[in-house]
Amino acid sequence: MTTATPSRVRPPAPSELDPEERMTRAEIEQLQLERLQQTVRHAYANVPLYTRKFDDAGVHPDDIRTLADVERLPFTTKADLRETYPFGMFAVPMADVARIHASSGTTGRPTVVGYTKGDLDRWGSLVARSLRASGIRAGMKVHNAYGYGLFTGGLGAHAGIEALGATVIPMSGGQTARQVQLICDFEPDAILCTPSYLLTIADAMVAQGIDPRSTSLKVAVLGAEPWTNEMRHELEQRLDIDALDIYGLSEVMGPGVGNECLETKDGPHVWEDHFLPEVIDGETLAALPDGDLGELVFTSLTKEAFPVIRYRTRDLTRLLPGTARPGMRRMEKITGRNDDMIILRGVNLFPTQIEELVLGIEQLTPHFILELSRDGRMDSLTVRIERHPELSVETCQSAAEVLAKRIKVHVGSTVAVQLEEPGALPRSEGKYKRVYDLR
């Protein structure tokens, strides 16, 4: 869904695109095959885990003669990365590793990824391509509110801004009042952060008496968490901006694996000259045709330090034909993950389904969390949501009852909706936690 507001920035002209962005589908697939064969040989020869996995599967790099042969290769999972912690997945000597990133490790051992100097250059170029697709240009000022440090978001975005020739404001996450001050004082053209944190920044502006639509911001490039087109519309209308989706994950590279194009805003185009995407059935592991919903899988095609073969992302999407970049396929907007799914009394439920319904009720705010608890032998779900600060409690309570009914109709589960006072729920300063399991 595109916003009714005219775009504040312009899409790139054909002459501004990378040569690969102008390739035909046949040219992209030929390039992918050459790079896939190189990557598979590199991984097999230099990563013991892949040597063992390939041998156990009875497949050799010489068996990869077509793109379809990728299906013969074994999958890589997060468990593999944790098994080889910290550096067992590196395919180059440590002396050639220019940078190391890692996950938080909150659910187990961190996943550790490495980059050569060449990897970092390619990463910066792909983030620059992503930002240009969003309408950001050389000479613009870009406020970077992704977290710096071991998380790939901050430094990955930073390098892309510089590679594009734009001016980076390296704010990082948190310190929301300071974020607002710098946006007002430095007058950036664009902002990079998670969608939930941009909502937090907009709330902080209102609290300070600042109209979020009055700032210099023209475009927001948002990622690192699933978000809906309803959230896009909310942010675009509230801040008078264009909001675009950037996709990536640390295990595959970081931000910049794909990005929406300003011309269409119809899901991220995957930069297929560097990544080979697949969609599989999460239970049978069978490959699915384009257009079918399933789990997204990636094979890197140009990574030196940390090649990944058929990495299971757990993200749910479908692959679709390219539009603004016809040679490269797009992903439908990620709105859920296999491991984010709530099974409530036999019904599968994703937090983004609730977000979509919440944003369709003007009397409610987008600030909500989901609490899972147990009532006897049955699981129950409570949606705790803040009331609109400018409306009466009675009006908002009526809207909460409407939300409960819509969840029952559209999702198929009975849930409780608990109205909260404005500001009562936690605010995002990065990736937002929606689900709290109290069972």
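1. A definition to start with: rings of Phe, Tyr and Trp (its six-membered ring) pair if their centres lie within 6.5 Å, and planes under 30 degrees apart count as stacked, over 60 as edge-to-face and the rest as tilted. With that in hand, look for Tyr44, Tyr50 and Phe54, which form one aromatic cluster.

2. A word on what you are looking at. This is a predicted model, in which local features need pLDDT of at least 70 and side-chain atom pairs count only at pLDDT 80 or more, while totals for chains, interfaces and linings use all residues. Residues are numbered from 1 along each chain as its sequence is written, and side-chain values use heavy atoms, with hydrogens and water left out.

3. Back to the rings: the rule gives seven aromatic pairs. Phe87 and Phe90 have ring centres 5.3 Å apart and planes at 40 degrees, so this pair is tilted. Are the two residues buried or exposed? Here buried means under 20% relative accessible area, exposed over 50%, and partly exposed in between (1.4 Å probe, protein chains only). Phe87 is partly exposed at 38% relative accessibility, whereas Phe90 is buried at 7%.

4. Now the nonpolar cores. A nonpolar core is a set of buried Ala, Val, Leu, Ile, Met, Phe, Trp, Tyr and Cys residues joined through side-chain atoms within 4.5 Å. The largest one has 72 residues, and Tyr50, Ile136, Leu192 and Phe298 touch the most other members. Helix H4 (residues 117–133) gives the most to this core, with seven residues. A second, separate core has 24 residues, including Leu344 and Val415.

5. Helices (H or I, at least four residues) and strands (E, at least two) are DSSP runs, numbered from the N terminus, and two strands pair if DSSP finds at least two bridges between them. Three strands make an open antiparallel sheet in the order E10-E11-E12. Its edge strands, each pairing on one side only, are E10 (275–280) and E12 (311–317). Strand E11 (residues 294–300) is joined to E10 by six bridges, and Ile280 stands opposite Glu295 in E11.

6. Which helix lies across E10 and E11? Helix H1 (residues 25–46) does, running at about 90 degrees to E10. Axes are lines fitted to C-alpha atoms, for helices over the stretch in contact (heavy atoms within 4.5 Å), and angles run from 0 to 180 degrees between N-to-C directions.

7. Two polar residues deserve a visit. Glu251 sits in the loop between strand E7 (242–249) and strand E8 (254–259), and Glu251 is buried, with a relative accessible area of 6%. Its side chain makes a polar contact of 3.3 Å with that of Tyr311. A polar contact is a pair of N or O atoms within 3.5 Å; within protein, one must be able to donate a hydrogen and the other to accept it, and residues adjacent in sequence count only if both atoms are side-chain atoms. His274, in the loop between strand E9 (269–270) and E10, is buried too, at 11% relative accessibility.

8. Finally, a four-stranded open sheet with mixed pairing has the order E19-E18-E17-E20. Strands E17 (residues 364–375) and E18 (residues 378–387) pair in the antiparallel sense over nine bridges, and Arg374 has Asp379 in E18 as its bridge partner. Helix H9 (residues 351–358) packs on this sheet, touching E17, E18 and E20.
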